Amino acid sequence: MDDVNSKKVSTTEQAKLKLEHLRGVTANLTKEPGVYLMKNVADVIIYVGKAKNLRNRVKSYFLSSKDMPTRTKHMVRQVDKFDYIVTQTEVEAFLLEASLIKKHRPKYNIRLKDDKAYPYIKCSLTEAFPRFYLARRVKADKSYYYGPYTNSVAVRTTMQFLNQTFMIRDCSNGFMKTRKRPCLTYDMGRCTAPCVGLVDQKKYGVNVKKSLEFLEGQQDRTIKVLEKQMFEFAKQENFEVAARVRDQIKSIQSILEKQTVVSQDQMDVDLMTMFSEESGALVEIVSVRKGRVIGSRPYFFNKNNMGADYEDERHWFVSFLNHYYDDNYIPDRIVIPIDLGRELLTLFLKVLESRTERKVSLDHLPHEKEKALLSLAEKNAKIHFEKQALLTAKKDEGLKLIQEKFKLPEFPRRIECFDISNFQGYESVASQVVFFDGQPSNEDYRKYKIKTVIGPNDFESMKEVLSRRFAHKELPDPQLIVVDGGKGQLKMAVEALAAVGRSDIPVVGIAKSRTESSFEKAEVEATQERFFLPGRQNPVVFRENTEAFRILVSLRDEAHRFAIEFHRKLRDKESLASILDHIPGLGPKKREELDKVFPTIQHLKAASLEEILKVPRMDKKLAEILFQIFNT
């Protein structure tokens, strides 16, 4: 008993000594503005913050924790050291903080996981003959960005409409530079062939201007121009072209019918509302572009990913705005649900204006015309919050059961699953799939080509993969590792973890229990998943209707899918290479261009002759040969 108490005293004393040391280090900090990076004992950045006065801000973390928010206390306990970067102004500190959080994804900072789900249409005006792209990030690259749209299908459909209606090229720059004759898109009347000089920059620019006017809300003007063209073609008895223009007008009108007009002032506005409870918060954003509502989207934050400063509502919301508008288009006006106060409001306006280089309105008081839309957004925010909160509670319940069943020392927020895949010992690969809070964390997925193992040696392969995985000290440790397989695979994983010095991480194996069918003895069917723990003879089982079971099985299936998909791509690439070796006229340079566009057999099988013809350096005869080979 005395030994236990002495250990507690020792741990407490160590914590006090660490705080005193860190407090002493802060005495030498500058009073300039800047960004500070809190690190744990493994030298991993766990929090990035900004400060008007670095010394005062950083020192505040290591003073009395009596009035400190609970989550901030948890963060401070893990701080072993810190770094800092001095900036010229507080505005620069805001900008640097956002980029560092994006790069390092610290544990205790607010997380915006859903950014890439909302794409933009990008027009690259720096090119001699501009074209449209699907973009996931808004950059300061002198291009025009329109959106965000609710999904990529809407973007691709709109881009296709713009290309066909206004005859804008859809080919890559590399394809365009190597053309010697117009492609099929020109023959179909959907492009003016700038690639071979059949249109000059001035005339092409007129079409680009019309397409931008459409995106900027001047659809009525576009319709009038098209109607004039339609009547001209009809007068010339060119009825086929007139009918095509008529269909374009109908397409525009169809798009307009789906957009709600809320204002005639042609302003770009983001209307934000927030719903929060003890379990988290949800920010609902309604995007209005040129007076029309183009979509809304929710950002949900449970208590685990709200960051260390979520108890301070104003600073938390500014952190959200700072990260959101680091990647997204900044509209003319932003309506937010809380009053930031004069000082914080003025400072953040400077941040926004430094990014967009124009005046921006930021207000918590909506205009009369905006109130009805905000009221609807508030109702949606509550509905979306309740749905997400229920899902989160269900996932937490499942993870808690996993912790209890597997006797894990920590709540398994991060679970990693590894799967080895090979075909008859050929081209071994591995996948690493990560579930965070019970849901896939796609940005943390990894795939590995086995480099040091020859033949089907799963143990050595697993050892290599785990060694490479834990060489990345910047990645957070999982609270659980799952391997696909029974006792044999589990034993290999345990030995592999020991070999790389990570026996402290819990690991389980998952395998199917198989029994003979009562109807047909020869038929074998899976009846139950079993989970094997090191040092335990009997497997652990879960009821199939529990969330814990669904999380673990989904994790294993996802790892298996990811590994098989990677392995298939490698096999297809080699198979494709062997087929292409015997095609006359397909030299190394053409092969290289073909591989860029169609990396696998599946890509080539799905390609049309028109798409194959768009490959740089491709001639019609060779394209027809390739099309026949992969479509007969």
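**Helix contacts and a sheet**

Reply: R314, H315, V318, L321, N322, Y325 and D326 of α11 meet L344, F348, V351, L352 and R355 of α12, where contact means heavy atoms within 4.5 Å. The model is predicted: local features need pLDDT of at least 70 and side-chain atom pairs count only at pLDDT 80 or more, while totals for chains, interfaces and linings use all residues. Residues are numbered from 1 along each chain as its sequence is written, and side-chain values use heavy atoms, with hydrogens and water left out.

Me: At what angle do the axes of α11 and α12 cross?
Reply: Roughly 5°, and the axes come within 11 Å. Helix α11 covers residues 313–327. Axes are lines fitted to C-alpha atoms, for helices over the stretch in contact, with angles from 0 to 180 degrees between N-to-C directions. Helices here are DSSP runs of H or I with at least four residues, strands are E runs of at least two, and both are numbered from the N terminus.

Me: So is α11 parallel or perpendicular to α12?
Reply: Roughly parallel. Under 35 degrees counts as roughly parallel, over 145 as roughly antiparallel, 65 to 115 as roughly perpendicular and the rest as oblique.

Me: How do α4 and α12 cross?
Reply: At roughly 65°, with the axes of α4 (residues 90–104) and α12 (residues 342–356) coming within 9 Å. That makes α4 roughly perpendicular to α12.

Me: Which residues of α4 and α12 meet?
Reply: E90, V91, F94, L95 and A98 from α4, and L347, F348, K350, V351, S354 and R355 from α12. The contact of α4 with α12 has seven nonpolar, one polar and three charged residues.

Me: Switching to the sheet. What is the strand order?
Reply: β5-β4-β6, an open sheet of three strands with antiparallel pairing. Strands pair if DSSP finds at least two bridges between them. Because β5 (132–135) and β6 (144–146) each have a single partner strand, they stand at the edges with one side left without a neighbour in the sheet. Neighbouring strands are turned by 30° against each other on average, direction ignored.

Me: How many bridges between β4 and β5?
Reply: Four, with β4 at residues 120–123. K122 has Y133 of β5 as its bridge partner.

Me: Which helix lies across β4 and β5?
Reply: α5 (residues 152–166), running at about 175° to β5. The axes of α5 and α8 (residues 201–215) come within 10 Å and cross at roughly 140°. That makes α5 oblique to α8.

Me: Last topic, α13. What span should its 39 residues have?
Reply: 57 Å, and the end C-alpha atoms of α13 (residues 368–406) are 57 Å apart, which agrees. The expected span is 1.5 Å times one less than the number of residues. Just after α13, K407 takes a positive phi of about 55°.

Me: And where is E410?
Reply: In the loop between α13 and β13 (414–423). E410 touches Q403 and Q479, not counting residues up to four places away in sequence.

Definitions and conventions
Nonpolar A, V, L, I, M, F, W, Y, C, P; charged D, E, K, R; others polar.
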